[in-house]
Amino acid sequence: MDENKSSVGIYEGGVPEFDKKGIIFANIILIAWLLAGIYAVYVFYPPAGIVYGLFVIIMFMFVMRKGLCTKCWYYGKKCSMGWGVYTAKLFRKDDTEKFEGCKASKFAPVLWMTVSFLPVVLILVSAVLSFSVFKLIILAVLVILMAISGNKKIREASCRQCKMRYLCHGSAAKD
């Protein structure tokens with residue numbers, strides 16, 4: 001067993017809390033990206049944009065926080081996104097041993113792919129059906145925010161410091 005890996009799978013060399021500036025930057029990018037995505041879906045079909053927006057808010061603010069963050073080592077602490085502190089205000093702590101393989105950890109990649117590609121596809125379809133430069137600008141903004149948010153080097157640097165790096169299926173720090 002790796003000397004930095006506990007019996008539960010926690011990376012003992014990870015940081016106890018993440019830097020506030022990094023958390024703020026990550027959340028600004030994420031919120032801008034999600035809002036741009038919601039707007040892209042709205043431009044495609046306004047009722048769908050409203051439903052999609054509610055879906056995104058419920059999934060990110062409540063469902064995934066309950067399903068993942070309550071089982072995370074960073075519960076009540078500043079993780080790379082600051083969600084551990086937020087989660088502790090809403091939900092009770094669960095057992096960290098339940099993190100790996102829980103339903104939420106299996107659903108997370110589906111959620112990320114949905115919020116990444118659905119708005120892009122719909123704004124492209126919308127631009128084909130009724131072209132406008134404005135729709136191309138929305139598409140460009142989405143792609144730029146996705147590129148920043150999904151930047152492998154940034155994610156990998158953050159994941160390398162995370163105590164959950166061995167348990168998280170989304171970890172970019174693969175050894």
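Select K152 and E156: the two form a salt bridge, with their closest N and O atoms 3.7 Å apart. A salt bridge here is a side-chain nitrogen of Lys or Arg within 4 Å of a carboxyl oxygen of Asp or Glu. The model is predicted, so local features need pLDDT of at least 70 and side-chain atom pairs count only at pLDDT 80 or more, while totals for chains, interfaces and linings use all residues. Residues are numbered from 1 along each chain as its sequence is written, and side-chain values use heavy atoms, leaving out hydrogens and water.

Because K152 and E156 are four residues apart in helix α6 (residues 152–161), about one helical turn separates them. Helices are DSSP runs (H or I, at least four residues), numbered from the N terminus. K152 is exposed at 55% relative accessibility, whereas E156 is partly exposed at 23%. Buried means under 20% relative accessible area, exposed over 50%, and partly exposed in between (1.4 Å probe, protein chains only).

Move to D94 and K98, a salt bridge with a closest N and O separation of 3.3 Å.

Finally, select helix α2 (46–67). With seven residues, α2 gives the most to a nonpolar patch of about 1000 Å², whose members include I50, L54 and F134. Patch residues have over 30% relative accessible area and no salt bridge; like charges are joined within 9 Å, nonpolar side chains (Val, Leu, Ile, Met, Phe, Trp, Tyr) within 5 Å.

Technical notes. Areas by Shrake-Rupley, 256 points an atom, 1.4 Å probe, with all protein chains shown as cover. Helix = DSSP H or I, 4+ residues; strand = E, 2+ residues; numbered from the N terminus.
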